[in-house]
Amino acid sequence: MTENLNPTNVENYLIKNPEFLKSYLSKHGAPDITHKDGSHSEPSSPEIKIKRLPNFTSGRGNSITTSIFKKYVEGNLERIKKTSKDRNQLLSMSEDEVFMELIRDIATELDVNVLCHKILKNVSILTRSDRGSLFLVRGSKGNRYLVSKLFDVTEVSTISESLHTEETEIIVPFGKGIAGFVAESKDTVNIKDAYEDPRFNKDVDLKTGYRTHSILCMPILNYEGEVIGVAQIINKVTGNHEFTKQDEDVFRKYLIFCGIGITNAQLFELSVQEYKRNQLLLNLARGIFEEQTSLERLIQKVMLDSQDMLKCERCTVYLTEESMSKGGKNLTGMFAKILKKQFYKLLALAVHQDPHPEEDSNVQAKAKPTSTKDVLFSMAFDLYAKDGGNIRVPSAAEVAKSRNAEIARHVVLKGTPLNVSEIQIDAMFGKIGGFEDDGFKTKNMLCMPIFNNEKKIIGVTLLVNKLNGVPFNENDANIIEAFSIFTGLGIHNCQMYENACRLMAKQTVALEVLSYHATAQQEETDKLMASEFPPGKDIGLYTFEFNDIPLDELETVKCTITMFQEANLLAEFKIPLEVICRWTLSVKKNYRPVTYHNWRHAFNVTQTMFTILYTGGLIKKFEGLEVLGLLVACLCHDLDHRGTNNAFQVKVASPLAMLYSTSVMEHHHFDHCIMILNSEGNNIFQSLSPAQYRNVIKMLEHAILSTDLALYFKKRGDFQKLVQEGETEYTEPYKKDLLKAMMMTACDVAAITKPWEIQEKVAQLVANEFFEQGDKERTELGETPMAMMDREKKDELPKMQVGFIDAICLPIYKMFAEMNQSLRPLYDGVMDNKKHWQELADDHERKTTGKINDEDSEPVQRNRSPEQNGLPQKSDSKEHKRKEPEVQFEKKVKIVEPKKTKVCVLL
């Protein structure tokens, strides 16, 4: 039993039986030992502490490694100074000790140059060779070559003496020379006499004066078996100066570790380079959004921020003519296109000309260039490293005759990057071809096209002469590609900003022009002020049967002024007569000459509101400011109406639909109302206090938006509930707003309550406007319009009018009649008109089918008395035409709802 007892077995038992360990320590453990496993120990039992191994899988990132990486990137990493072992110490060590020393070096050394230098020194000592060299593989798979990294490393040489930089490195193509042969074949080459081998290049000895005898050359492979370098040692200093089989084994073992070290160090170096590049690109991205007011300043900022990454003598950015075109022609997106189109239309309409967008007539899509002559650069930016980072903007003449610009034009033409060496430049332009007029000699260059968001080339980035004198490589191409991408993003962002600012400026100009042309001129205002305003009672402004058809345009304006005067609004709110006259004329001028939703409609809606307030007796429920707001809202509720409804605006994706997500036209009417009020000499609210002004603007917005029938349907149920409950005061803000919203709808559709001779004419105007929209839907959108807008179904107008009355008009006027009997003429008028429309619908039905649809004719109820309809007898019409009657509320009055047809005309 005891013979099997050893530390390993005990440890394994305790790991497999942790409860035994807890029990043992709780009984026999020292008092200062506590248990920490996340559970709560009993107060009587001692607390046991067990030291645990760190959890490497669940912990955060290794802070030590992060610290080392940051120090290395910042150049603050302190190297651990180790005393190099001399020849005698190294030779006295066993093979295991030598390799352990090598492993320690690999583990602690991040610099591949230092590591490889130490390896070559140790190999030289162990193999008794005179010196050694290291070549690393560069280039793409199709064009690989060797470059000398460490050359002639001896036992006593320092790394600075042996290290070849990019300026001094020797390039050896694969398959050329001994090193090139080893790199290509992956074979070991052991040459006893170098001069007898035809692969040996004697020129090196001639230049250096050194005599090469024997060479041992081996490939360095990575974990995938690919050649990443070649190492060679020269001239064994002992014996017959030939390398033995034992030397090959030692060399091979060392090169295995050398391959590991080189691979790890290169990966680490790549990660450092990628980190630096990412930091730089982040700075570039930040710069793109910091500077967007000027394209020139943006390019300069990007180039200056990229100096450390580009590492070339000269960097030039060329911008094509298309990228710098004026007038916002590169502004992309539907909004920009619509904005430009609408600007020219608005401007043309303001000066009473036919709208012809500028770009439609003057701008044509440019054809793709077929030669470098078709490629024109509008601007270039030159960054010279020797000038301390100064950026120069060459003239158009300098760009036109620049040879570097010619290569850039070639890149635009082909659309692909171009890496040009000195030899290729000489072949293209001759021996003096690389010289610019300023004396600058182009030895090599790397060109990369700059694309915009539409994948079109808008410029070229051109790097000239790498600082170390060698050609540009694949890593340089990756860097300049990233630089070009961010440059393209910056250019696009800056152009969007500049063009948006330009279009906003144009819009401001257009608004100024529109404001001038849409505002009443002084002559018109003076003429109106000098006129006599007829008393409201003489022209029937207080009657529900008011007819505007006999009035001319000027008379309708005078009647509007009369309503404001007789409502005492001019005196109460100190509105100058000149201002109210100019504002009324301006409002009239801003109604388009559409078939129905024009100035006449707005005037009639305002007159109905005036009649509801004074003849209907609702004036007692509102303060003067509310009356002012309601009358102004009625007059402005359809400003700039285009003769089409909200659904049409959304279908055609109009600018208005893009600005407003709901109640498209109503929001526009309100905004247009505010624009007129803000125009010079049109602010009828100029004498209001700030609080009054805020309140009246809020009332205006609420009242105008309430004319959207979609909102009417949402609110109608709440209003009906108040009426059924017998609400009489409407003093609470919500209830009063609800009442005002219903009043706006009642006034908006009040044409349906007018005497039949008026209603019949107005209904035809409404239908014609709807048919015009239907024609647009059919021709422009290729859609079949709904029945109410389909000209081909115009004979169904009576039936549609009955549907309109049942769905929209009767409910609202019934509620007002139940609430206040003085408003019953509205209900009587709509019922009378329904009778006429139903008769016409029946006649049409009889002609087409030979019979009358009983279901359609039943709701008319034209043989029923007012009492049977749930209403008291009509009051004397003369009485309610002239004065404010006592408001009477019939809490229990009910009106029988007629059956509704399925067709509804929406105003």
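In which handedness of crossing does H33 pass H34? The crossing is left-handed, a term used when the near helix is turned anticlockwise from the far one by less than a right angle. The model is predicted, with local features needing pLDDT of at least 70 and side-chain atom pairs counting only at pLDDT 80 or more, while totals for chains, interfaces and linings use all residues. Residues are numbered from 1 along each chain as its sequence is written, and side-chain values use heavy atoms, without hydrogens and water.

**View 1. Packing of helix H33 (residues 797-819) with helix H34 (residues 824-849).** The angle is about 165° and the axes are 9 Å apart, with angles running from 0 to 180 degrees between N-to-C directions. H33 is therefore roughly antiparallel to H34 (over 145 degrees).

**View 2. Residues in contact between H33 and H34.** Contact means heavy atoms within 4.5 Å. The H33 side includes Leu797, Val802, Ile805, Cys809, Leu810 and Tyr813; among the H34 residues they meet are Leu826, Tyr827, Val830, Met831 and Trp837. By class, this contact has 15 nonpolar, three polar and five charged residues. Ala, Val, Leu, Ile, Met, Phe, Trp, Tyr, Cys and Pro count as nonpolar, Asp, Glu, Lys and Arg as charged, and the others, Gly among them, as polar.

**View 3. Packing of helix H21 (residues 553-566) with helix H24 (residues 599-614).** Here the axes lie 11 Å apart at an angle of about 25°, which means that H21 is roughly parallel to H24 (under 35 degrees). H21 passes H24 in a left-handed crossing. Residues making the contact include Val557, Cys559 and Met563 of H21 and Trp599, Phe603 and Phe610 of H24. Six nonpolar, four polar and three charged residues make up the contact.

Note on methods. Helices (H or I, at least four residues) and strands (E, at least two) are DSSP runs, numbered from the N terminus. Angles under 35 degrees count as roughly parallel, over 145 as roughly antiparallel, 65 to 115 as roughly perpendicular and the rest as oblique.
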